[in-house]
Amino acid sequence: MGLFDRKFLILSGKGGVGKTTVAAALAVAASGRGRRVLIAQTDAVARLSKMFGRQEPIGSNVVTVAPGIDAVNMTPKSALHEYGLMVLRYETVYRALFENRAVRGFLSAIPGLDAYAMLGKAWWHTTELRDGRPRYDLTILDGPATGHAVLMLRIPQAILDTLPRGPLTADAQAARDLLSDPARAALVIVTLPEELPVREATELAHTARGSLAIPLGPLVVNAMPSDALSDGRVRATLNQVMPPTGDAALDATLRVATSVRAHRQTAEQMLARLRDDPGLPLLTLPRLPTIDIGPADIAALAARVGD
C-alpha cells in the first residue's frame with residue numbers, strides 16, 4: 001500500500017530534524033495525486049505558513065494554504081475546547097464543566113491530557129464530513145518530538161485500560177483502532193543522518209513496533225549532504241592536494257571540500273546503520289541550501305517524496 005493511500009500519518013522524531021518541512025512536502029505530493037489534505041500541527045512555531053508563501057501565521061482555525069491543502073496549528077487550549085464540545089455537544093455544558101476553576105485545576109494535573117486533546121482533534125478530522133463525504137482524504141499530524149509523541153500515542157490505550165465505558169472511551173477506541181490499522185495509519189519517523197537523531201529514530205521505531213503497536217511508514221532521512229564530491233576522481237584529487245598549499249583561497253576551498261566530503265561519509269554510515277536497524281524503507285531528502293524555506297523548495301522536496 002502506498003503512503004498516500006492511508007487516512008492518517010503521524011510524523012515524529014528528534015527535535016530539529018525538519019518534521020514540518022517533511023509534512024509540507026508530503027502534503028504537496030499527496031495533493032498532486034488529487035488527495036484533499038490537512039496538516040495538523042501541535043502548537044508549533046510559525047514556519048509552515050512561509051513554506052506555502054503565506055505572510056499570516058497559521059492559527060487554531062483551519063485555513064487553506066494551497067490548492068487541496070488545509071492547515072491548522074492546534075494549541076492545547078483550543079484543542080481541548082473543540083474536543084470537549086465534540087464529546088459534550090453543547091457550549092454551555094462545556095463551560096459549566098471545563099471552565100470551572102476546580103475542574104481546570106484537576107485537568108491540569110492529568111499527565112498527557114493536552115497531548116490527547118490534540119491527538120483527539122486530529123483523529124476527529126479523519127472522520128470529518130462535508131456535504132456527506134469525508135472532508136479530507138489524508139490528515140498529516142506534524143507531531144511533537146519523540147518523547148512527547150510516545151506519550152501522546154499511548155493515551156488512547158491508557159484511557160481504555162482505566163476509564164469506565166462512555167463517550168471518552170468510545171472515541172479512544174476509535175482512535176486506537178485507527179492508529180493500529182496499517183491500511184489507514186502509519187507513523188513516519190523523521191531523522192537527520194547524524195548520530196543522536198539516528199539513535200533516537202531507531203529507539204522510536206522499536207517502541208512503535210513494541211508497546212505502541214503502531215504501523216510504520218518509511219523512515220525519512222532529511223538533509224542529506226551532497227554527494228557531489230563522492231566521485232572517485234574528485235576523491236583522488238582531494239587526497240593529493242592538501243592544505244597548506246601556499247594559496248589562501250585554495251586552502252579555504254580545500255577545507256570546505258574536505259568538510260563536505262566528511263559529512264557525506266558520516267551520512268552514508270548512518271544510512272547503513274538505519275538499513276540494518278530498524279530496517280525500514282528509507283526515503284532520503286537533500287539538504288536545502290537555505291533555512292528560509294519557501295514554496296519552490298517544498299515543491300522540489302515533494303517531487304522526491306512522490307517518486
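**View 1. Buried residues of helix H6 in the predicted model.** Within helix H6, the buried residues are Leu113, Ala115, Tyr116, Ala117, Met118, Leu119, Gly120, Lys121, Ala122, Trp123, His125 and Thr126, so that the helix is mostly covered, with 12 of its 15 residues buried. Helix H6 comprises residues 113-127, which at 1.5 Å a residue should span 21 Å, and the C-alpha atoms at its ends are 21 Å apart, in agreement with that expectation.

View 2. Strand E2 (residues 37-42) and strand E7 (residues 138-142) run parallel and are joined by 5 bridges, with Val37 standing opposite Leu138 in E7.

**View 3. Backbone features at Asp131, Ala223 and Pro278.** Asp131, in the loop between strand E5 (129-130) and strand E6 (133-134), has a positive phi, near 55°, although the residue is not glycine; Asp131 is exposed, with a relative accessible area of 79%. Ala223, found in strand E9, likewise has a positive phi, near 60°, but is buried, because its relative accessible area of 17% falls under 20%. The peptide bond from Asp277 to Pro278 is cis, with omega near 20°, and Pro278 lies in the loop between helix H11 (248-276) and E10.

Definitions and conventions. Residues are numbered from 1 along each chain as its sequence is written. This is a predicted model: local features need pLDDT of at least 70, side-chain atom pairs count only at pLDDT 80 or more; totals for chains, interfaces and linings use all residues. Side-chain values use heavy atoms; hydrogens and water are left out. Two strands pair if DSSP finds at least two bridges between them. Helices (H or I, at least four residues) and strands (E, at least two) are DSSP runs, numbered from the N terminus. The expected span of a helix is 1.5 Å times one less than its number of residues. Buried means under 20% relative accessible area, exposed over 50%, partly exposed in between (1.4 Å probe, protein chains only).
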